[in-house]
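Visitor: Hi, I'm new to this one. Could you walk me through a few spots in it?

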Amino acid sequence: MQSFDVLVIGGGHAGVEAACAAARMGARTALVSFDLAAIGAMSCNPAIGGLGKGHLVREVDALDGVLGRAADAGAIHYRMLNRSKGSAVWGPRVQADRVRFKAAVQAMVRAQANLTLVQGEAAALVLKGGVVAGLELADGTMFHVKHLVLCTGTFLGGILFRGEERYEGGRIGENAAHRLAQQLRGADLPMARLKTGTPPRLDGRTIDWAVLEEQPSDGEAWTMSPLTPRRINPQVFCAITRTTQAGHDAIRANLHRSPLFSGAIAAAGPRYCPSIEDKIHRFGDREGHQVFLEPEGLDTHMVYPNGISTSLPVDVQEEVVRTMPGCERAVIVQPGYAVEYDHIDPRALTPDLQLRAIPGLYCAGQINGTTGYEEAAAQGLVAGLEAAAAVLGKQAPRFDRANSYIAVMVDDLTLQGVSEPYRMLTARAEYRLRLRANNAATRLTGLGIEAGCIGEERRAWWERREATREMFHVKHSQRVHARELADLGLAVRRDQGEKTLAEWLRYDGVTPEALAPWLGEITALDPLLAEEMAEDAAYAPYLARQDAELRDLRASEALPLPSDFPYAEVPGLSNEMVERLSKAAPGTLAAAGRVPGVTPAALSALLVHARRRLVSGSFAA
Amino acid sequence: MSSAETIFALSSGAPPAGVGVIRVSGPAARAALLALAGRVPEPRRASLARLRDAQGALLDEALVLWFAGPATATGEDLAEFHCHGGRAVVAAVEGALASLRGIRRAEPGEFTRRAFANGRIDLAEAEGLADLLSAETELQRAAALANAGGALSREVEGWRERVLSLSAEVEGVLDFSDEEDSADLPECFTWNIGALAEELAEWLTRPRSERLGEGFRVVLAGPPNAGKSTLFNALVESEAAITSPIAGTTRDVIERAVAISGVPFTFVDTAGLREGEAADSIEAIGIDRARSALARADAVLWLGAEGEGPEGAWEIAAQSDREGYGEKPGARFTLSAMTGEGVAALKTALVEAARAALPKPGEAALNARQHARLAEAAEALQSAQGLADPLLVAEELRRVRLAFDRLVGRATTEDMLDTLFGRFCIGK
């Protein structure tokens with residue numbers, strides 16, 4: 001019987017990152033998928049990144065993950081969202097050719113050392129004494145497994161809805177894993193249902209592009225991964241159209257036929273990405289909603305109309321599409337649909353994404369109630385790193401809310417649970433000013449190197465970059481008098497005396513370019529790093545102010561709350577507080593403070609009690 | 001939690017006293033012993049040592065003790081200097097300690113806080129200690145806060161809601177600007193921030209709740225023999241005495257806390273202010289204290305020559321019973337403490353002034369900590385008004401929310417611990 005340190009079930013974005021991360025850590029890893037040819041498929045929109053999501057892509061990439069480089073390999077349109085705002089909320093986003101993206105993922109997965117690909121249906125977990133010990137495939141094959149990562153997406157009880165039609169299964173054309181689903185149900189895990197949806201796909205040859213506003217790929221040179229030196233593919237443009245009153249009328253007339261409104265789907269969908277029928281229903285006064293027509297690839301005519309996700313019957317979908325300018329003759333190649341599926345209440349997970357109830361079983365991706373490739377990939381990375389670290393006796397990188405969106409997401413999920421599909425937003429990150437998409441490598445690659453999950457190529461890149469950073473530091477600490485800047489025509493008052501270049505960079509209008517006389521040729525060595533360090537300088541006063549807050553946080557984090565902490569025994573805690581805290585099982589007092597609904601008084605009581613336990617415990621030991 | 005900083009404080013009563021015990025806690029405690037006593041004595045054994053400053057000057061002959069952490073009262077390395085309890089000696093030893101690297105004077109309650117942080121006492125013990133230490137005066141404060149506490153929390157909750165909705169608007173612009181609905185902030189946005197900032201500013205000008213404990217501070221001042229002490233006695237006599245809540249009452253000025261018509265007062269009789277060279281050194285210290293008492297006064301009753309008192313002082317013509325003494329045509333009150341003439345009118349005026357300066361009964365009042373948090377929130381709101389980048393506006397609004405959270409104790413434990421341990425006297 002074959003045996004593996006870590007076995008990953010599922011070849012979506014979570015599964016791929018989990019398997020590759022575990023393998024990079026040095027664990028003997030297997031990835032099991034129904035269909036190896038489907039690994040890396042983009043099941044929904046052909047885009048990677050965006051606001052908040054772009055941060056996750058860069059963070060996964062900074063830890064040597066697959067997503068960023070695959071996105072570059074498939075990218076046919078680059079756009080930096082929020083460019084007009086502060087750089088901490090810039091959202092790098094690409095549209096990717098599905099075929100090229102998938103091919104890139106598969107090439108990286110196949111090239112990954114320590115990783116075995118297994119085609120087959122995961123049928124049942126093998127548990128020994130309640131702990132993961134192996135996996136049985138549908139064909140009877142058995143594997144010895146130390147740790148197992150479930151990245152099965154919407155396969156748990158997934159039902160497809162399109163008008164009055166119903167299909168079982170996660171996506172069109174794929175099977176659902178029934179026995180495994182039954183086994184998980186039998187394990188009495190806390191579960192809930194969510195829904196998501198997808199728009200109809202259009203034949204681009206039937207769209208009148210000439211009448212539509214074009215949105216070109218931006219003209220800059222940035223890529224998702226610094227290991228992609230330049231953009232690879234020819235860039236295509238998207239177009240913008242709108243829904244119309246006539247289309248809204250058609251939707252209203254057929255609302256009763258939408259499973260969302262007929263009562264067939266009761267689960268909550270994402271507020272951030274509602275179906276078109278939801279938008280019409282909730283914002284009835286709007287005359288039209290923007291729709292982005294996004295080409296799905298260089299070698300396909302398929303177009304993804306972003307903004308009209310729907311579960312209406314096919315005839316209504318056609319009617320609605322044809323009321324949009326430029327789409328009067330558009331042909332639907334594949335109709336849109338909604339999916340309702342089970343997910344595990346992520347509060348049942350520990351911060352390493354392991355199920356408290358089944359030691360050795362990790363969960364990542366949509367199964368945890370999230371939506372989006374980027375969210376899935378980031379969780380896969382965490383689960384893969386943690387599972388491998390646990391098997392190998394290593395330490396996975398320490399993520400916290402002040403160093404990564406990854407940690408923000410995992411912390412939110414495991415403490416707060418979800419009431420709708422969880423999507424990353426920059427608003428979720430309280431230390432947003434330090435968590436920029438463009439400083440992900442600075443924040444995380446060093447941690448990755450320490451943990452041992454960074455490959456040779458990126459390590460070499462990182463070391464060169466750190467050397468350059470040192471040179472920048474030296475340059476930035478030069479002291480220059482205000483007069484000299486003013487003489488160059490910069491808008492600074494002459495009486496401000498001497499400051500370092502880093503300090504001057506905080507002033508409006510003082511850019512690295514403007515400081516070229518002092519910085520010299522160095523900016524050209526690494527323009528992106530130059531930009532990053534200029535931003536660091538600009539944000540420095542805000543970051544310094546956050547430092548006190550972070551010290552405070554760390555102090556609360558130093559007080560651990562074991563998962564079996566007897567909340568019921570804490571004097572002064574109400575039953576409601578006991579329930580909330582027991583469900584979320586926060587690992588520290590700081591985490592307890594982030595459990596929704598926990599009151600200041602409850603926290604104080606908890607502090608006293610936890611402290612007392614800690615003290616008496618240490619005396620006993 | 002081990003701390004990099006080493007702290008010291010006088011842990012015995014205020015000098016002058018028989019013995020002054022100065023405690024030093026932290027990693028540099030050993031270095032402090034070496035520097036002052038020239039050696040580290042055997043652990044836990046008192047031994048006699050000559051304390052010298054950095055220049056080698058003899059400071060005192062004292063008992064020194066050494067306790068190695070973590071099995072000490074604070075959980076850290078600990079040194080004790082039991083020196084003679086004279087004011088000058090204690091000041092000199094403290095000065096020598098303060099001049100050493102990495103050693104500073106302790107904040108109020110810091111020794112206890114370290115003991116707690118290092119697991120030497122638990123929070124329940126610490127709280128119990130705090131309650132015991134301050135029970136007598138807490139009664140007074142609790143009465144005021146029982147009224148005010150709920151009111152303030154409700155107020156903060158209202159502000160918090162408003163900031164949340166402002167934050168939501170900015171976050172909409174930041175996270176959804178590329179979607180259709182929220183491209184720019186509405187025009188009224190900055191106005192709303194300004195309105196809230198003004199509201200907070202108004203709160204910040206209100207009297208603090210500590211004032212209820214301290215009372216309205218009235219300082220009697222004037223040249224020697226101007227009748228200060230007589231008036232002092234006339235004012236405090238027959239009034240209900242209350243215990244002064246202020247730690248470390250100075251010895252050179254006489255303070256008496258009384259309630260007049262239910263309003264708390266502290267009357268302070270200063271040493272005579274005398275200009276010039278005649279004053280000897282002890283008198284000079286007294287005069288210094290008198291000056292600092294004046295600086296802290298809510299009202300100064302000036303019994304000297306007209307126009308020569310501190311700015312804003314109440315001109316009092318005292319000793320009206322004494323023939324030809326101190327003509328003061330512009331006096332606000334003319335009275336004789338001996339006969340009692342005019343004293344009642346003065347008291348009535350003082351009560352009126354005090355009522356205006358102290359928190360209104362039933363109205364929420366801020367204590368120093370709450371005041372500091374609210375000031376932070378107001379400052380962040382002000383700064384948000386001047387920013388164009390919505391990202392930075394959002395950061396300032398986050399700071400406002402954090403300040404509110406800390407104000408009500410929602411945020412983290414540090415604030416609670418600060419509050420708790422801020423109630424201890426130094427070095428206990």
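Predicted model: local features only at pLDDT ≥ 70, side-chain atom pairs only at ≥ 80, totals over all residues.

Visitor: Okay, helices then. At what angle do α13 and α18 of chain A pack?

Guide: Helix α13, residues 456-476 of chain A, packs against helix α18, residues 527-557 of chain A, at about 50°. Their axes are 11 Å apart.

Visitor: And what do you call that arrangement of α13(A) and α18(A)?

Guide: The angle is about 50°, so α13(A) and α18(A) are oblique to each other. Their crossing is right-handed.

Visitor: Which residues meet there, between α13(A) and α18(A)?

Guide: From α13(A) you have A:R465, A:T468, A:R469, A:F472, A:H473 and A:H476. They meet A:L529, A:A530, A:E532, A:M533 and A:A534 of α18(A). By type, the residues of this contact between α13(A) and α18(A) are 5 nonpolar, 3 polar and 3 charged.

Visitor: Next pair. How far apart are the axes of α10 and α11 in chain A?

Guide: They are 10 Å apart. Helix α10 covers residues 373-392 of chain A and helix α11 covers residues 405-416, and the two pack at about 85°. That makes α10(A) roughly perpendicular to α11(A).

Visitor: What's in the contact of α10(A) with α11(A), by type?

Guide: It has 7 nonpolar residues, 1 polar and 1 charged. On the α10(A) side sit A:E375, A:A378, A:Q379, A:L381 and A:V382, meeting A:I406, A:M409, A:V410 and A:L413 of α11(A).

Visitor: Now A:K53: buried or exposed?

Guide: A:K53 counts as buried, because its relative accessibility is 14% and the cut-off for buried is under 20%. You'll find A:K53 in helix α2, residues 53-62 of chain A.

Visitor: Which side chains does the side chain of A:K53 make polar contacts with?

Guide: One is the side chain of A:E374, at 3.2 Å. Another is the side chain of A:E375, at 3.1 Å. A:E375 also came up in the contact of α10(A) with α11(A).

Visitor: What else is A:K53 in contact with, leaving aside neighbours within four places in sequence?

Guide: Besides A:E374 and A:E375, the list has A:T371, A:G372, A:R423 and A:M424.

Visitor: Let's switch to chain B. Where is B:R291 found?

Guide: B:R291 is in helix α8, residues 281-295 of chain B. It is partly exposed, with a relative accessible area of 44%.

Visitor: And how far is B:R291 from B:G75?

Guide: Their C-alpha atoms are separated by 41 Å, and the two residues are 216 residues apart along the chain.

Key
Residues numbered from 1 in each chain as written. Chains lettered and ligands numbered in written order. Heavy atoms only, no water. Axes fitted to C-alpha atoms, helices over the stretch in contact; angles between N-to-C directions. Helix = DSSP H or I, 4+ residues; strand = E, 2+ residues; numbered from the N terminus. Parallel < 35°, antiparallel > 145°, perpendicular 65-115°, else oblique. Left-handed = near helix turned anticlockwise from the far one by under 90°. Contact = heavy atoms within 4.5 Å. Nonpolar A, V, L, I, M, F, W, Y, C, P; charged D, E, K, R; others polar. Buried < 20%, exposed > 50% of the residue type's maximum accessible area, 1.4 Å probe, protein only. Polar contact = N/O pair within 3.5 Å; in protein donor to acceptor, adjacent residues only side chain to side chain.
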